[in-house]
Amino acid sequence: MAIRLSRTFVLRKLHQLSGIFPLGIFLLEHFYTNSKSLTGPNDFNNAVKDLQSIPYILFVEIGGIFIPLIYHAVYGLVITAETRPNNLHYPYSRNWFYLIQRITGVILFFFITFHVLNFRFGLIPGLNNQSVATHANDAFNIVAREFHMWPIMFVYVIGITATVWHLANGIWLFLVDWGITIGERAQRLTGYACVVFGVVLLLVGINAAVGFIRPGGLLGGII
Ligand code: HEM
């Protein structure tokens, strides 16, 4: 007997999947590249050059990042608009996580729009008119100049924190929604694993950002 899937079910599953693949995977790659700031301007600029030399890079960016991101973001806002929080009636931690997932989604929508226009396209008048991607030799300096401005650094710390929370909690949701972690004990242990993953990823993300204003990052190059 053929099984008919509702349109909402398919759209919802695609939304969940896109959060992990490609977006979550891309975030890990992005933090890896950003961490090249820790070993100095040349290493970071070379990493940007390497990325830009990937064959068909424009199509990779459009198909692998922009389209999934726009789909996930727009459908995520639709889901958020339908949200009916009940935290005051049922103050369970999972209810708060449900609400924070939506709040961080909205923060990400504005942060990622700003971030892509700012560094990928150099289209923030009065702040930056140089695309990092097309000025690879100057990539480190373009980012460092902005990160020395405290309000911009603050925006990035909030953006990185919201992104990491959204992904770490999102991985937990994905594993449960897709029937990969079943049972109370498995879900509790996966929850701890996602917390550890989130804390490590947050440190890596913030450290990479600090690497643009302090040689070696938070630890000043000790490790
Ligand atoms: C750009 C704006 C974004 C918005 C508005 C947004 C919104 C949302 C919302 C509302 C959910 C909860 C869906 C549900 O409970 O069914 C969600 C889940 C998720 N998001 Fe996002 N998101 C955004 C960006 C991102 C990014 C950049 C990533 C990856 C780094 C990401 C990864 C995930 C993951 C892994 C899930 C869990 C999927 C699941 O529920 O199984 N999201 N997003």
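This is a predicted model: local features need pLDDT of at least 70, side-chain atom pairs count only at pLDDT 80 or more; totals for chains, interfaces and linings use all residues.
**Exercise 1. The lining of the second largest pocket**

Task: Find which helix gives the largest share of the lining of the second largest pocket, and describe that lining.

Solution: 
- Start with the share. Helix 7 supplies nine residues, the largest share of the lining. Helices (H or I, at least four residues) and strands (E, at least two) are DSSP runs, numbered from the N terminus.
- Residues are numbered from 1 along each chain as its sequence is written, and side-chain values use heavy atoms, with hydrogens and water left out.
- Define the pocket. On a 1 Å grid over the protein atoms alone, a pocket is an open set of points where a 1.4 Å probe fits, with protein on both sides within 12 Å along at least five of seven lines. Lining residues have an atom within 4 Å of a point.
- Count the lining. It holds 19 residues, and F97, W165, A168, C194 and V195 lie nearest the pocket centre. Helix 4 (93-120), helix 6 (150-177) and helix 7 (184-210) are the elements that give two or more residues each.
- The lining has 11 nonpolar, six polar and two charged residues. Here Ala, Val, Leu, Ile, Met, Phe, Trp, Tyr, Cys and Pro count as nonpolar, Asp, Glu, Lys and Arg as charged, and the others, Gly among them, as polar.

**Exercise 2. The salt bridge**

Task: Which side chains meet in a salt bridge, and is E61 buried or exposed?

Solution: 
- Apply the cut-off. A salt bridge needs a side-chain nitrogen of Lys or Arg within 4 Å of a carboxyl oxygen of Asp or Glu.
- Side chains of opposite charge can pair when their charged atoms come close.
- Name the pair. E61 and R120 meet through their side chains at 2.9 Å, N to O. The two sit in distant parts of the chain, E61 in helix 3 and R120 in helix 4, 59 residues apart.
- Check burial. Buried means under 20% relative accessible area, exposed over 50%, and partly exposed in between (1.4 Å probe, protein chains only). E61 has a relative accessible area of 11%, so E61 is buried.

**Exercise 3. The nonpolar patch**

Task: Which residues make the nonpolar surface patch, and where does Y56 lie?

Solution: 
- State the rule. Patch residues have over 30% relative accessible area and no salt bridge; nonpolar side chains (Val, Leu, Ile, Met, Phe, Trp, Tyr) are joined within 5 Å, like charges within 9 Å. Accessible areas come from the Shrake-Rupley method with a 1.4 Å probe, and for residues only the protein chains shown count as cover.
- List the members. I54, Y56, L58, F59, V60, I62 and I67 make a patch of about 730 Å².
- Look at I67. This residue is in helix 3 (residues 57-81). I67 counts as exposed because its relative accessibility is 52%.
- Look at Y56. This residue lies in the loop between helix 2 (41-52) and helix 3. Y56 has a relative accessible area of 66%, so Y56 is exposed.
- Check the backbone. Phi of Y56 is near 60 degrees, a positive value in a residue other than glycine.
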